[in-house]
Amino acid sequence: MQDFHNEADTRAKLIDPALHQRGWSEDKIKREETPGAVDVVDGKPRKRSQGRIDYTLRVRVNSDTQPVALALIEAKSEQFSPGHGLQQGKEYAAATKRLNVQFVFSTNGHQVVEYDRITGETTEPYLLSEFPTPDDLRQRYENAQGFSLDDDEAKPLLVPYPGGEATRRYYQDAAIRATFEKLAQCEKSGEAKRALLSLATGAGKTFIAVHLLKRIADAGQLRKALFVCDRDELRTQALGAFQNVFGADAAAVSSGNPQKNARILIATYQTLDVDTDTAEANFLTANYPENYFSHIIIDECHRSAWGKWSMVLTRNPEATQIGLTATPRQLKTRENTSETRADEQISADNIRHFGEPVYEYDISQGNEDGYLAACEIQRGLVDIDYTELTADEIYALGPKNAVTGQPLSRDELPESFSKTEYEYRILLPDRVREMTRDLFDHLVATGGPEQKTIIFCVRDTHADEVANAMNNLYARWCADNNRDRVDPYAFKCTAASGGSDYVADLRGASRHHFIATTVDLLSTGVDVPSVKNIVFFKYVRSPIAFYQMVGRGTRLDPVTNKLMFRIYDYTNATRLFGEDFQSRIKSKSTGDGDRGDTPAQPTVIVEGLEVQVTDAGKYILSEVDGKSIPITVEEYKQRLSARIVEEMPNLDDFRICWIHPQNRRAFMARLPDQGRSAQVVQSLDDMTDYDLYDILAELGYGLAPKTRINRADAFFYKHDQWLNTLPAPTADTLKALTMQFARTGTDGLENPRVFATPEVTQAGGINALAQIGQPADLLIKIKERIFAL
């Protein structure tokens, strides 16, 4: 049987030498490594030890300039065809977009397949010795872009990062390059210089803004820049980031100081007096004449209505204008409501002004890369929400006016109440108690009730009731468990109650202020990395608002070791995952956005309803056709099963791949969600006693799964004769290693520190293994026998 190089050997022994021969020296090859995704196993986050490694090919104009990435190169095991394991155009296109490169090359060390994003075409295999040189690839890139890297328009692309590339992430570099490419094209064609970037909350949009302007400034192309954001807190955060790079040349605009001496101005819509349609824009027009700014960056432009604030852009038509958004792009909703219709109009306005996003990075990709917290969705079904409450039903229970406490007659009641009117036109204390009880039980079951949580409520009075109910549940729990109460535990945090004063406590206090009940105050512009739960007690019809609310939970928090967050969805809000949209900045409100906090009719309150909340299942946030959407466990398994068989057509191929670490990791990276899918299924099916080999083999080939302990026992009795032929210390060490597999699985067995564990060292350790061969080769033999049928 012919010995083939695995993927790592193929790269080292075949691909790299061939690339060097074609002029691709080491300074033109960049390893882009992610920190490793977070998997949710048994409801607990676990960070993978290794992330994905992408190899990009970059060209330099000269030794002092920033290299420009043009291509991704994928290595395949020598035994496979060069394009093996990739769904051709679909996979290649996704890779080029993620890294913002034009080309993908896939090679087995002998032949290479090439994909060009511009043409959408994939070549037939050709010899690796004919691989394009850096000059060849640069020429093709420049022809496609419509400019030369020697042109003045391309100068920002060639400016190095201040302080080097160590702090930037691959997608931030991709976004910055995509922006510079678009602006250079606009400059060449004479079009307005505009670009739109879409990155999930927590992905570092401010970093991108800072380095866009810094590299433009260092290229000698920046006169005055304006960075516009929505809240004072965001202005303060942005000011710190800009001053770290620009020093005193960056300044925050205040109502009394337009900061005309600074080169980079950071302002809020409110300061510029353009935050509402009725605003006068006096500050803007009085201090900054037309075309005062050469560059404008609009932060959170997904909330930007084309009302008064657009004067910032229209008064500076010659400026380079860049929009940053935390939401996917154009709105294509499946619902017809006033909210979605309004969002569609804003979407059309944004696309018309900025154009299609030049780069997108969503929550699912951020989770996969390990830069954003993993997300688990728990849905709850409230039974009375799926039938209307009739006037007769309500009247039979003795309804009252919620404000005066006076009884209401039958004639004073509308004919019915629907679920979107609950806690707005009709207050239902029984419903509040049952929903908060269900939520509290979930918190207790997933680490205890003292978790930073944001509950989105219908209106201010609803936020009061929910906070009171959570405090009552917590007090009883503390009494039952002999625990000291913290105070406050749950608190209302709304605009009407001065909730901004409590944000610092929600963010920083570790022993109080755990549960924040809000309406829309905490939905945008508030950075609280420690939040572990996002809860929907309100019906959300706007995909705009939904993504902003979810964004409060996406950030990682090293201080509290937060790697994941949960969404508790009692109103089917998570149906909005996968909707494409942009949004606008809202006028100041006191309650639920456009309808205010006080209903036009008297609010009804009624008690005595029977309310039941049932478990509506766990869902997995996964990427499907380029969108992050929740899918059922069954659908998730079907997608995983199909991909397993596509990658490895039979069980023998799968087994051979599994026992070689490099091949196994590459195989796992090509599964849905880049390998996270296997551990998700392991958790959902309660199969933590099984190795991932058995999880995948059952899904793909129908193999009856065996626990790790069963496989270890089978190893001992099936291979007893072989073990008896070995020196006693060697045999004992092999048995100890097999028991390590029984405890921790394939990953544990392949951990380099496995040879230093007490059980292995006491049995004889690495020296005992060296008596009969290389330890790494013996680990392969152990796995061959463990996974034998």
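**Entry 1: helix packing.** Before reading the angle, I note that axes are lines fitted to C-alpha atoms, for helices over the stretch in contact, and that angles run from 0 to 180 degrees between N-to-C directions. The model I consulted is a predicted one. I looked up helix H22 (residues 708-718) and H24, and found that they pack with their axes 8 Å apart, at an angle of about 165°. Angles over 145 degrees count as roughly antiparallel, so H22 is roughly antiparallel to H24. I also recorded that the crossing of H22 and H24 is right-handed.

**Entry 2: the contact between these helices.** Which residues of H22 meet H24? I listed Arg-708, Ile-709, Arg-711, Ala-712, Phe-715 and Phe-716 on the H22 side. On the H24 side, the residues include Lys-735, Met-739, Phe-741 and Arg-743. By class, I noted seven nonpolar, three polar and four charged residues in the contact of H22 with H24.

Entry 3: I next found Asp-747 in a salt bridge with Arg-664, where the closest N and O atoms are 3.4 Å apart. Asp-747 belongs to helix H24 (residues 728-750) and Arg-664 to helix H19 (residues 661-669), so this pair ties together parts that are 83 residues apart in sequence. Is Arg-664 buried or exposed? With a relative accessible area of 5%, Arg-664 is buried, whereas Asp-747, at 46%, is partly exposed.

Entry 4: I looked up Asp-430 and Arg-433, whose side chains meet in a salt bridge (2.9 Å, N to O). Both residues lie in helix H13 (residues 429-445), three residues apart, which is about one turn of the helix. Asp-430 has a relative accessible area of 16% and is therefore buried; Arg-433, at 42%, counts as partly exposed.

Entry 5: I located Arg-138 in helix H3 (residues 134-145) and Asp-150 in the loop between H3 and helix H4 (155-158), twelve residues apart. Arg-138 counts as buried because its relative accessibility is 16%, while Asp-150 counts as exposed at 54%.

**Entry 6: the whole structure.** How many salt bridges does a search of the whole structure find? I recorded 36.

Methods: Residues numbered from 1 in each chain as written. Predicted model: local features only at pLDDT ≥ 70, side-chain atom pairs only at ≥ 80, totals over all residues. Heavy atoms only, no water. Salt bridge = Lys/Arg side-chain N within 4 Å of Asp/Glu carboxyl O. Helix = DSSP H or I, 4+ residues; strand = E, 2+ residues; numbered from the N terminus. Buried < 20%, exposed > 50% of the residue type's maximum accessible area, 1.4 Å probe, protein only. Parallel < 35°, antiparallel > 145°, perpendicular 65-115°, else oblique. Left-handed = near helix turned anticlockwise from the far one by under 90°. Contact = heavy atoms within 4.5 Å. Nonpolar A, V, L, I, M, F, W, Y, C, P; charged D, E, K, R; others polar.
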